[in-house]
Amino acid sequence: MSFRKFGLGLAVATLLAGTALPALAQDSVYVPLFTYRTGPFAGSGTPIADGMHDYLRMLNERDGGIGGVKLVLEECETGYDTKKGVECYESVKGKNPVIVNPWSTGITLPLIPRASVDKIPILSMAYGLSASARGDIFPWVFNPPATYWDGMSMIVKYIGEKEGGLEKLKGKKIGFLHLDAAFGKEPIPLLQEMAKDIGFEVALYPVAAQDMQNQSSQWLSVRRDRPDYMIMWGWGSMNGAAVKEAVRSGYPMDKFYSIWWPGEDDARAGGAGAKGFKMLNWHAVGANFPAIQDIQKHVVDKGLSKAPKDKVGELLYNRGIYNSLLIAEGIATAQKITGKKVVTGEDVRRGMENIKLDPARLKALGLEGFTDQLVLSCSDHNGHRAAFMQEWDGTKWVKISNPIEPMTDRVRGQLEAAAKDYAEKNAGWPKRTEACDKAS
């Protein structure tokens, strides 16, 4: 089956079902969820979809929605395919969605120019186009809490600290195993620029979508090249296969790092030998939070969730919760700013720009200690928050570092240049016309 046909049947069925939905109630807010529960990316997509759905469903069941307004939730299966993702977008935009989350860098990119025209904010949480962090240039796109460029700088910074300083990386070789798609290629310019400035070598190991579960050739090259460190930018079945191949090839797992996407099942794929595998993260793992316990009580225990009970609280499930936390806060803040209960996409864009998830707010939401503070603004749609390193101990993820701040001095200049370059190369790119609101 070709990459572009993953989930085709289910996607079409979902789209057809969507056209048959009754008109949305005037006292509700429509939130479509782009998901993928089929194909080789389903291992990552399914738990995230469950977490996204269950948090918002919990708000409906426990609170009657947000601000007394029910949320109308509808999934559209994309199969992680760009064409199907755009079709999902076209199928929902007439229903007045207040926000869209593509859950794919490849889907996000063609939606960016549509957002300002359709006045629908795009949430690409910690993925997508890193440059869209610039809210003055991309007023309809949000990618908190950190960009891929932030993430790459954090990993290199952490490795440098382990070596005794960034300058100690001079003469080292860093391998970059990545999905050969927009997502996997996104951080390469920054990695190559850091390599040039610091003096280390980069070896690229692209993995085609059709080869995700058969990476023998890439790992043969790794054994030949003997990189001092490996960094992975994988997704779906690629992650588990990479961990398994790393163990099989004898690559030292304490030198194997990943961006924030592998889940527990990916690490388990390597068996006992996967111990020591590391990845970035910015939120807690586990279900010991009042809000997640409410999800179990009001959604999971009532049979309103598709998630197996033992998966609630795992990393990718909680990642979905974080995503829907941002959606819910965007809606709640929009209600507060506008005084309206039934808000629009334009309202929620303003709400997203005034998000302030401080410790007091997280505690009020039943998520105290779940994640660190996040503040967004008119000019900053990302936050550029620190992440921490966690390690697989053979059975679970264990936090092993303090917060690692991104190397903003290295990232900011390139990010700003990329944002301006994007606007200049897209003739007629609309300039921001809305005044920036102060937080209410």
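**Entry 1: β8 and β9**

I count two strands as paired if DSSP finds at least two bridges between them. I am working on a predicted model. I began with strand β8, residues 256–258, and β9: they pair in the parallel sense over 2 bridges, so they pass that cut-off of at least two. I then looked for the residue in β9 that is the bridge partner of Ser 258, and found Met 279.

**Entry 2: the sheet around them**

Next I traced the open sheet of 7 strands, which has mixed pairing. I wrote down its order as β6-β5-β7-β8-β9-β12-β13. Which are the edge strands? They are β6 (201–207) and β13 (397–399), and each of them pairs on one side only.

**Entry 3: Lys 278 and Glu 391**

I stayed with β9 and looked at Lys 278. Its salt-bridge partner is Glu 391, and the closest N and O atoms are 3.0 Å apart. Lys 278 lies in strand β9 (residues 278–281) and Glu 391 in strand β12 (residues 388–392), so this pair ties together parts that are 113 residues apart in sequence. Is Lys 278 buried or exposed? I have it down as buried, because its relative accessible area is 6% and buried means under 20%. Glu 391 is partly exposed, at 24%.

I followed the chain on to Ala 287, which sits in the loop between β9 and α11 (290–300). Ala 287 is partly exposed, with a relative accessible area of 21%. I also took a distance from there: Ala 287 and Glu 314 are 7.8 Å apart in space, C-alpha to C-alpha, and 27 residues apart in sequence.

**Entry 4: α7 against α15**

Arg 410 lies in helix α15 (residues 408–425) and Asp 197 in helix α7 (residues 188–198), so the pair ties together parts that are 213 residues apart in sequence. Both ends are partly exposed: I noted 26% relative accessible area for Arg 410 and 48% for Asp 197.

Then I turned to the helix geometry. Two packed helices are described by the angle between their axes and the distance between the axes. The axes of α7 and α15 come within 11 Å and cross at roughly 130°, and α7 and α15 are therefore oblique to each other. I logged the crossing of α7 past α15 as right-handed.

While checking charges, I found a network of salt bridges that links Glu 90, Lys 93, Arg 114 and Asp 118.

How many residues of strand β1 (residues 28–35) are buried? I get 8 of its 8, so I have β1 down as mostly covered, with buried meaning under 20% relative accessible area. In a regular strand the side chains alternate between the two faces of the sheet. Here I see Ser 28, Tyr 30, Pro 32 and Phe 34 pointing one way from β1, and Val 29, Val 31, Leu 33 and Thr 35 pointing the other way. All of these are buried.

β1 runs parallel to strand β2 (residues 70–77), and 8 bridges join the two. Opposite Pro 32 I found Glu 74 in β2. I also followed the path between these strands: β1, helix α2 (residues 42–63) and β2 make a right-handed β-α-β unit.

**Entry 5: salt-bridge tally**

Last, I ran the count over the whole model and got 29 salt bridges. I looked up one more of them, Asp 180 with Lys 185, where the side chains meet at 3.6 Å, N to O. Asp 180 is partly exposed, with a relative accessible area of 38%. Lys 185 is also partly exposed, at 45%.

Technical notes
Residues are numbered from 1 along each chain as its sequence is written. This is a predicted model: local features need pLDDT of at least 70, side-chain atom pairs count only at pLDDT 80 or more; totals for chains, interfaces and linings use all residues. Side-chain values use heavy atoms; hydrogens and water are left out. A salt bridge is a side-chain nitrogen of Lys or Arg within 4 Å of a carboxyl oxygen of Asp or Glu. Buried means under 20% relative accessible area, exposed over 50%, partly exposed in between (1.4 Å probe, protein chains only). Helices (H or I, at least four residues) and strands (E, at least two) are DSSP runs, numbered from the N terminus. A crossover is right-handed if, with the strands pointing away from the viewer, the path from the first strand over the helix to the second runs clockwise. Axes are lines fitted to C-alpha atoms, for helices over the stretch in contact, and angles run from 0 to 180 degrees between N-to-C directions. Angles under 35 degrees count as roughly parallel, over 145 as roughly antiparallel, 65 to 115 as roughly perpendicular and the rest as oblique. A crossing is left-handed if the near helix is turned anticlockwise from the far one by less than a right angle, and right-handed if clockwise.
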